[in-house]
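Please keep the sequence and the structure in view while reading.

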Amino acid sequence: PPGCGKTFIGLEAARLEAKRGGRGRLLCFNHALAAHLSEQAADIEGLEVDTLPAYMLELAGITAPSTERGSDFWERTVPERAWEALADGDTVAVNYLIVDEAQDLCRDAWLDVMDLVVEGGLDGGRCLFLADFDDQAIYDSDGQSSLRERTGPLMTFQLRTNCRNVPEIAAEAGKFAGDESAYRRVRRSACGEVPQLHVFTDEQEQQS
């Protein structure tokens, strides 16, 4: 679930790979998360951080249009051209691949691209996928099956310990998720503060 430290684990995995001399790529979906990851990974030698959509645009040599395109642009045009660019061999595959927010990135065409990003492909390469397929899969409810088809026997670990929040925040998050037992335990100590709930009714009020 959210708050269990998946992103933290991804960064630590990258640091371990860097100590082995590996070159890697850390991909996610959200631009804000990519900016955060880039900042946190500034000390990790040989690691490139980006959103997968932005990386595919770069590979494809396409500029994202100012007007919103239909899903076909992102589901077919961009990944197909990115795949072709990788298949041409001009881009050297990295030694390891880490994918955060993987529940939003496991679409068939996008997995085709990731398969060429890492040495050995998704089936035989050094890959780490960090995801919440149960409650955070917004774009593709069958992404986990698509991933398993590409990776073969996939070693999985379930993390139910909240490593990020204080207990007061974790309890509120559980209430909003409708599952107050979402976390088996919380690692941080109580801070004694009562979380304040702020409700907004529109985007402008949210910004305020």
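The buried residues of α1 pack against β1 (24-28), α2 (31-40), β2 (47-51), β3 (96-99) and β4 (126-129); contact here means heavy atoms within 4.5 Å, and buried means under 20% relative accessible area, exposed over 50% and partly exposed in between, with a 1.4 Å probe and protein chains only. Helices (H or I, at least four residues) and strands (E, at least two) are DSSP runs, numbered from the N terminus. The model is predicted, with local features requiring pLDDT of at least 70 and side-chain atom pairs counting only at pLDDT 80 or more, while totals for chains, interfaces and linings use all residues. Residues are numbered from 1 along each chain as its sequence is written, and side-chain values use heavy atoms, with hydrogens and water left out.

Helix α1 spans residues 6-19, 14 residues in total, and reaches 20 Å from its first C-alpha to its last, close to the expected 20 Å; that expectation is 1.5 Å times one less than the number of residues. Its buried residues are Lys6, Gly10, Leu11, Ala13, Ala14 and Glu17. They lie on the same side of α1 because they cover an arc of only 160° around the axis, the arc being that of the directions from the helix axis to the C-beta atoms. The face turned away from this buried side carries the exposed residues Phe8, Leu16 and Lys19. Glycine 21, with a positive phi near 90°, follows α1.

A nonpolar core is a set of buried Ala, Val, Leu, Ile, Met, Phe, Trp, Tyr and Cys residues joined through side-chain atoms within 4.5 Å. The largest has 28 residues, and Leu97 and Met114 have the most contacts inside it. α3 (52-60), α4 (71-87), β3 and α5 (108-117) each supply at least two residues of this core, and the largest share, 6 residues, comes from α3. A second, separate core of 15 residues includes Leu26, Leu37, Ala41 and Tyr96.
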